[in-house]
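This report describes selected local features of one protein chain. It takes up a helix pair, a loop residue and a surface patch in turn.

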Amino acid sequence: MQITIPMQKRLDGVISVISRGVPVLTVNARLSRYLQSEFDVRMKASGLSSWMTPLILPLNAWLSALWEEHMPDEPLLNGARAQALWERIVSDDKELPEAGLYSSGAAGMAFEAYRLIKEYGVKLPEEIYLTNEAKALKRWIKAYEHEVKRLGFADRFSLPQKIAVLIKARRIPVPKEVALAGFDELTPSVASIIASLKGSGVKASFWPEGEGAKGKVSVRAYGDEAEEVIQAARWVRGLPEGSKAGIIVPELNRYREIIKREFSAELDPASVLPSSGKKAIFNISLGSSLYDEPLVRSALEILSIGGGREDIDKLASAFRPPFFLNERDYFTFSRLDLELREDNCLRISLYEIKKRAGFGADLNKRLELWLKGLKESGKKALPGFWAHNLSKFLKDLGWLSPVKLNSAEFQALKAWNSLLEGFAALDDILGKISRSEAVSRLRGMARDAMHQPETPECRVQVLGLLESAGLFFDYIWLLGCHEFAVPAQPSPNPFIPIFLQKEYRLPRSSHDRELWFAKEALARIMASAPHIEVSFPMRADEKELKASPLFKGCEATSPNVKETSRLKDAVHAEFSLEEIEEGDRIPVTPEEKKSIRGGTSIIKNQSICPFKAFATHRLNAGGIAVPELGLSYAKRGTILHTAMKLFWEKAEGSKKLREMIGAGEMDGYIKGIAGKALKGIDLYPLSEEFIAIERERLEALIKDWVALELERGPFRVKVTELEKKIDAGGLIITGRIDRVDEDESGREIVIDYKTGDVKADWLSERPEEPQLFIYSVTGKYDAISFARVAPGECRFVGVSRSDLLPGVKGVEGNEDKFKGMEWERLMDFWRSVIEGLGRDFIEGVCAIDPAQTKNQPPCGRCGLTTLCRIDEIESGSDGDEN
């Protein structure tokens with residue numbers, strides 16, 4: 001695919017140079033590939049069937065090749081080994097006040113500072129002028145260079161200076177002519193190479209020469225980054241067929257995922273389908289961390305599992321298909337995972353999983369090999385041993401056996417194997433390490449390694465400012481050119497004093513330096529295409545934004561292409577979507593009514609949100625339980641209900657309570673009740689010590705509640721755990737009343753235990769806690785109340801005809817607080833609310849309509865928001881892709 005004639009002319013000079021056999025040294029590998037491709041196209045167009053392969057290399061690659069050819073006894077230290085050496089030096093520095101704290105992040109920044117020092121020829125002054133960080137850096141550089149020499153290597157960042165010395169000494173043969181392509185800036189290290197070449201009689205030229213004709217520029221303003229990217233994708237779709245487009249993004253790290261999502265949806269609509277192969281329509285120059293590749297992460301998650309108990313989420317990630325378990329085995333594991341979460345189990349071992357899951361013979365055998373491999377890996381060994389051992393371990397476990405790798409996965413596997421090779425080369429730097437240290441090191445290396453899968457040539461290239469050097473297009477769109485991105489904000493390296501960074505004009509050192517670089521880069525980009533669009537978001541990170549000041553004088557417009565090719569909007573036979581008439585009700589059928597379960601929670605969920613009731617009780621949908629440290633709230637509630645039932649079997653009422661207290665029996669009785677309540681509950685995997693603490697807590701809680709009960713007048717507990725069939729507007733449910741008391745006048749009081757917060761919304765047509773409303777229809781009661789049983793907060797929260805419970809004011813005499821209702825009218829209102837909610841459920845009212853509450857919005861604790869997609873409804877969005 002060729003660019004159009006105006007841009008081809010800009011390439012004539014460098015193609016002519018390449019044709020004469022002159023080596024072309026580029027600023028990066030992307031430009032080398034680009035020039036090679038353009039040269040091949042020209043040769044083919046001229047009628048040639050074969051031609052000599054030209055020498056087009058990144059400058060650094062050329063220097064490395066020269067060194068390896070002429071200095072074979074002093075090999076270059078690769079990046080992984082250099083990084084590991086820096087980390088070791090920093091962590092071993094005894095002069096640091098907190099070496100462990102420094103070593104985690106400081107080594108990477110110090111290593112980058114060392115690169116800048118070498119590239120820009122920075123001379124660190126006497127220590128009296130240095131900060132503590134710079135003094136530490138100076139120490140580390142000395143230690144690093146000493147170790148590199150001791151190990152017999154050459155430092156890669158010192159290579160330009162070393163090659164320059166060798167060229168001057170005539171120890172390396174050089175070509176008669178070289179061309180340097182795509183350099184916006186000549187750093188001192190690059191300048192030293194050019195000077196040494198010229199000093200040896202080599203003719204050095206630069207490409208592109210001059211600024212070239214400027215393209216036509218239009219500036220666009222959009223509401224936010226997502227809208228900006230969507231409009232760019234639609235603009236690309238409308239470009240002439242066969243044209244080349246460059247999407248240049250100063251903040252490509254920030255925009256990468258948005259571009260990937262929106263460009264795929266607009267330019268390759270079918271790619272949103274799980275089974276669809278991705279077409280090579282656009283290419284993003286910025287790779288992602290190798291650790292983000294699912295295949296590599298799968299390997300590391302498996303290797304990170306030890307022989308003891310592990311976090312359940314960690315195990316679930318390691319077992320996730322397709323790379324280790326097939327779908328059938330993962331379904332078996334998922335059932336166990338769900339059970340463990342519902343049991344509030346935070347951690348479990350591989351041995352326990354094997355014992356409880358019920359896997360087939362093949363997977364059980366693999367798990368046995370897993371456990372055996374862990375048992376045999378307790379010794380420390382060199383990285384080379386671990387690289388082989390861990391690779392074999394994964395193979396023996398059957399990792400990757402359930403899946404046929406696609407092209408991207410195969411490239412990720414190749415990158416993983418290269419990572420293991422690099423790790424194996426660290427023997428002389430790391431020495432003997434444990435298995436867990438080896439896995440941790442591999443994880444760190446994977447996070448640091450950038451992975452960019454190879455793709456066929458694409459007509460749309462997404463690039464950063466630096467990656468776009470020397471490239472020409474028919475059309476360019478500059479994304480994200482707001483005032484804080486172009487020029488970029490300074491971000492000086494903390495290990496090099498600021499005054500030195502400004503003196504040597506290091507990247508990101510100052511506003512002046514960034515302004516100069518932005519102007520240079522934009523001048524080059526403006527001459528790289530005849531048509532240029534510039535855009536910026538008017539809002540990001542809750543800030544109002546303006547266009548970059550470098551586009552001052554250009555009026556911003558907001559052209560909006562509404563036509564979309566997204567799959568959900570496309571009218572195409574191959575991808576047509578079934579249309580169904582959308583109604584607001586899905587009535588419960590007589591057959592379905594027999595299988596509906598849920599009791600009073602049906603009414604509660606219908607009140608909170610009709611869709612929640614529909615999804616929970618008719619679709620059997622539910623959120624996944626999140627294990628909590630210690631006992632879950634649900635299990636604590638069960639223990640309390642059990643304890644209270646057992647307590648009142650003997651205590652019976654106020655008279656017996658006072659008798660037991662007078663006889664000194666209460667403390668012992670409560671202790672026994674607490675023990676029995678805990679004994680009947682599955683407390684796995686809590687320790688005996690933890691259970692003892694829970695027993696003490698429960699005893700104290702019961703004592704607090706007894707003290708409140710003694711503030712009441714005479715009463716007896718008439719019944720506990722009373723089951724009642726309730727007709728709620730045609731919905732028949734079973735409710736269990738925790739307790740019904742009777743006072744000396746024969747008045748009945750309903751009590752419902754609660755360990756959490758209770759909501760006193762007695763006049764709401766959509767109550768958050770409708771249990772009292774429900775129980776009110778089961779009889780003629782004079783008081784109905786929650787019993788809030790919580791440490792330091794024991795109280796009654798309810799309503800009563802008159803003052804029957806401590807802290808509960810009677811309705812009689814307080815009608816103004818109940819909208820003028822007397823007791824009977826309030827009970828009738830409650831009945832109408834319950835019957836209405838039950839009738840709505842039976843009639844199939846299932847709208848996504850969460851109740852408006854004064855407290856936490858119900859959606860925040862629902863667990864079904866991914867099913868109802870309320871966030872998209874409220875924002876007016878149609879979703880990301882489909």
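This is a predicted model: local features need pLDDT of at least 70, side-chain atom pairs count only at pLDDT 80 or more; totals for chains, interfaces and linings use all residues.

On the α23 side, the contact involves Ile602, Ile603, Gln606 and Ser607. Helix α30 contributes Ile834, Leu837, Gly838, Asp840 and Phe841.

Leu804 lies in the loop that runs between β22 (795–800) and α30. Beyond its neighbours within four places in sequence, Leu804 is in contact with Asp743, Arg747, Ile749, Asp782 and Ala783. For Ala783, which is 21 residues away from Leu804 along the chain, the C-alpha atoms of the two residues are separated by 7.1 Å.

A surface feature involves Phe499, a residue of helix α20 (residues 498–503). Together with Ile128 and Tyr129, Phe499 forms a nonpolar patch on the surface, and the three residues have about 400 Å² of accessible area together.

| Residue | Relative accessible area | Class |
|---|---|---|
| Leu804 | 14% | buried |
| Phe499 | 43% | partly exposed |

Leu804 is classed as buried because its value of 14% falls under the 20% limit. Phe499, at 43%, counts as partly exposed, since that class covers values between the 20% and 50% limits.

Methods
Residues are numbered from 1 along each chain as its sequence is written. Side-chain values use heavy atoms; hydrogens and water are left out. Patches are made of residues with over 30% relative accessible area and no salt bridge: like charges are joined within 9 Å, nonpolar side chains (Val, Leu, Ile, Met, Phe, Trp, Tyr) within 5 Å. Accessible areas come from the Shrake-Rupley method with a 1.4 Å probe; for residues, only the protein chains shown count as cover. A salt bridge is a side-chain nitrogen of Lys or Arg within 4 Å of a carboxyl oxygen of Asp or Glu. Helices (H or I, at least four residues) and strands (E, at least two) are DSSP runs, numbered from the N terminus. Buried means under 20% relative accessible area, exposed over 50%, partly exposed in between (1.4 Å probe, protein chains only). Contact means heavy atoms within 4.5 Å.
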